[in-house]
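Here is a short briefing to read with the structure open beside you. We will start at the ligand and then turn to the aromatic rings.

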Amino acid sequence: MSSSAEIRVLTTPQELFAAAAEEIVHLTNEAVAKRSRFTIALSGGSTPKALYNLLATNARATLPWDRMYFFWSDERHVPPTDPDSNYRMADEAMLSKVPVPPGNIYRMPGENPDADATAEAYESSLRKFFQVKAGEFPKFDLILLGLGPDGHTASLFPGTAGLQEKSRLVIANRVEKLNTDRLSFTYPLINAAREVAFLVSGTDKAAVLCSVLEENVPGEQYPAKLIEPTDGKLVWFLDRAAASELPQAK
Ligand code: 6PG
């Protein structure tokens with residue numbers, strides 16, 4: 001894990017999400033002032049839902065939603081109506097409640113049977129949006145990530161081919177243990193971001209978090225370990241329960 005990672009331990013989940021929301025408001029205003037837009041890749045799973053709710057309520061009036069562009073760092077191979085859809089979760093918790101133009105929302109179409117073709121198409125839309133050529137990597141203002149109990153992040157799972165990807169931006173990553181293909185950002189794309197923020201909450205994440213942050217084990221075993229922004233910032237937003245096994249918490 002990069003030594004420059006900032007680890008922020010908040011007492012409760014509510015304080016964790018409030019701190020993350022504050023960071024997003026700050027980064028949004030900074031990016032819009034400098035580049036007239038803010039680009040964010042949302043994470044899925046259950047943890048970020050409370051953050052999205054908070055942005056759609058407390059920050060609804062202050063954020064320049066028309067200047068914000070939403071992407072996903074990964075998606076399940078399901079339709080947007082499916083309870084497992086990361087898009088559906090973000091839409092219900094935030095996007096359907098705020099004045100963001102539909103054209104600013106770049107959903108990963110998980111419903112398409114051909115996951116490889118979907119990944120290629122999403123990669124092309126990223127290259128077009130960020131106007132980057134082959135071999136170049138777009139710079140997101142912020143990429144949100146979560147941490148799975150096995151150390152996976154986005155849909156980069158232990159032992160999967162996606163961990164070796166060096167040039168693609170988005171891949172269909174075969175996850176045998178889930179018997180599915182997941183759409184996922186790759187390490188090179190994630191590590192090119194201006195800021196990457198992990199949201200990790202709850203005691204059930206304490207052991208794996210300790211392995212990711214403390215143990216000297218190969219990244220392939222805990223894929224979140226290989227998130228090391230090239231020249232960007234890495235922030236871990238943790239609640240005390242998740243941080244309970246970290247040396248500094250003892
Ligand atoms: C996904 C996610 C994944 C998630 C972790 C943590 O699609 O599942 O993007 O990487 O962040 O699995 O999930 P929870 O927040 O539900 O614990």
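**Ligand site and aromatic pairs**

In this predicted model, the side chain of Thr 47 places an N or O atom 2.6 Å from an oxygen atom of the ligand. The protein covers 88% of the 410 Å² of accessible area that the ligand has on its own.

- His 152 has a polar side-chain atom 2.8 Å from an oxygen atom of the ligand.
- For Arg 182, a polar side-chain atom lies 3.5 Å from an oxygen atom of the ligand.

**The surroundings of the ligand**
- The largest pocket is where the ligand sits.
- Around the ligand there are 15 residues, and the closest are Ser 46, Thr 47, Asp 74, Ala 154 and Lys 205.
- Sorted by class, this shell holds nine polar, four charged and two nonpolar residues.

**Aromatic pairs**
- Searching the whole structure turns up twelve aromatic pairs.
- One of them joins Tyr 69 and Phe 129: their ring centres are 5.2 Å apart and their planes meet at 55°, so the pair is tilted.
- Tyr 69 belongs to strand E3 (residues 68-72) and Phe 129 to helix H4 (residues 115-130), so this pair ties together parts that are 60 residues apart in sequence.

Definitions and conventions. Residues numbered from 1 in each chain as written. Predicted model: local features only at pLDDT ≥ 70, side-chain atom pairs only at ≥ 80, totals over all residues. Heavy atoms only, no water. Near = heavy atom within 4 Å. Polar contact = N/O pair within 3.5 Å; in protein donor to acceptor, adjacent residues only side chain to side chain. Areas by Shrake-Rupley, 256 points an atom, 1.4 Å probe, with all protein chains shown as cover. 1 Å grid on protein atoms, 1.4 Å probe; cavity = no way out; pocket = protein on both sides within 12 Å on 5 of 7 lines; lining within 4 Å. Sits in = over half its atoms within 2 Å of the grid points. Nonpolar A, V, L, I, M, F, W, Y, C, P; charged D, E, K, R; others polar. Phe/Tyr/Trp six-rings, centres within 6.5 Å; stacked < 30°, edge-to-face > 60°. Helix = DSSP H or I, 4+ residues; strand = E, 2+ residues; numbered from the N terminus.
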